[in-house]
Amino acid sequence: MTTYSDKIKEISKRLLKEGKVDLVIGFRKGSVPLMNQPMFAKNEGDVDSFVWDSNCGINLANYVTDRSEKIGIVAKGCDSRNLVVHIIENKIKRDQLHIIGVPCKAMVDRHKIAAMMPGEIESIEENEADGTLTVTGSGFSETLNKAGVLQENCALCMHRNPVLYDELIAEEVTEQNPEEVDQYAAVREVENMAPEEKWAYFDSLFSECIRCYACRNACPLCYCPTCFVDESKPQWVGKSVDPADVRTFHFLRAYHCAGRCTDCGACVRSCPVGINVRALTKKLEKDCLENFDWKSGLTLDKRPPLDTFRPDDPEEFIK
Amino acid sequence: MKNLMEHMGLDPGRLHFSWISSAESTKFVDVAKKVTAEVKALESKEKKFVKTKPKVA
């Protein structure tokens, strides 16, 4: 990935030097392994900290909301889709953005890797040539196959290449064959459960939640100035970790993302306790596809399904 | 929304949608009766989203 990193630095330097943008948003190494941080580079000197590897799973579209500057932004497939959503929702103007497209080679699942290791991980080295990762910590060093530890959403991803960009840093990567990847196997598994089993499944899924709202803060869609969980007049939902409150939060947050979620996985990646928040959003994605033939963030020309009316919208639930 | 409720294991009978014109007062009454009856019937079957007050020593 050094070629990617170098190219990102080179382009960012050029953009800042020519004054085409006021800042470039990219990734730098995180303070903990497997967690690269977003970074705003405002001058050429900052640019050298930019990196690109398999730990850039956070969605950078989150950081352009309502900004007024000209922004250069490093965007992999899902980031670019969320930039499209942002433009459609008037959260940023297209001409404010210079999108540095990154053909994405999938991100690794930090929760999965952490669970596989006997102790705390201190560093991770990537060998792009043979597709392996070497994870080291105190007293252990293990080599993993990258393909086996991908984030679930990356393993299912159909849009690794950016859908909207001003320049690409490398040749486009080959997209996965939609015939071969079963997008909704996990959703169907839940759908086939009896109601009580479903309830129990989500009860155990959310049982670890500490209501830290990292999922909401990492989500590029969650840009409301005051989130419904933070409002106190009226208070829509209790602020406790009572199972009813936790479930209300996750249920409503997910629903707010209906027809907008690009399955970028930032929520799951940011979760400190490893809750698969996508269990809800993926279901909504499936419903949008089945009911409205809609996939979010692919084009600037269409309005999202919850924003439009079509005479043939499904309405069998209305009596 | 209804699909997601069902997906989480809630009975879909808890959420009802209806088109009622402001001129259709009788339809409104009918729907309201039907909805309350259906939800009340479910109440005995499932208790979900119920919060218990914390016990204070």
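**Before you start.** This is a predicted model, in which local features need pLDDT of at least 70, side-chain atom pairs count only at pLDDT 80 or more, and totals for chains, interfaces and linings use all residues. Residues are numbered from 1 along each chain as its sequence is written, chains are lettered from A and ligands numbered from 1 in the order in which they are written, and side-chain values use heavy atoms, with hydrogens and water left out.

**Stop 1: the five-stranded sheet.** Select the strands β2-β1-β3-β4-β8 of chain A, in that order. They form an open sheet with mixed pairing. Strands here are DSSP E runs of at least two residues, helices are H or I runs of at least four, and both are numbered from the N terminus. Two strands pair if DSSP finds at least two bridges between them. At the edges are β2 (37-41) and β8 (167-168) of chain A, each pairing on one side only.

Now pick β1 (23-28) of chain A. β1(A) runs antiparallel to β2(A), with 5 bridges.

Stop 2: Select α1 (2-17) of chain A. This helix lies across β1, β2, β3 (71-75), β4 (97-101) and β8 of chain A, at about 165 degrees to β4(A). Angles run from 0 to 180 degrees between N-to-C directions, with axes fitted to C-alpha atoms, for helices over the stretch in contact. Contact means heavy atoms within 4.5 Å. Next, take α2 (77-88) of chain A, which packs on the sheet and touches β3 and β4 of chain A. Its direction makes about 135 degrees with that of β3(A).

**Stop 3: the three-stranded sheet.** Move to β5-β6-β7 of chain A, an open antiparallel sheet. β5 (121-127) and β7 (140-145) of chain A are the edge strands. Between β5(A) and β6 (132-137) of chain A there are 6 bridges. Find A:N127: opposite stands A:T132 in β6(A).

**Stop 4: where chain B meets chain A.** Colour the contact residues: 20 from chain B and 27 from chain A. The two chains bury about 2,200 Å² between them, 66% of it on carbon and sulfur atoms. Buried area is the accessible area (1.4 Å probe) lost on putting two parts together, summed over both. In chain B, select B:L4, B:H7 and B:M8, which lose the most area to chain A, together 34% of what that side buries. α1 (2-7) and α2 (25-45) of chain B each supply at least two residues of that side. α1(B) gives the most, with 6 residues.
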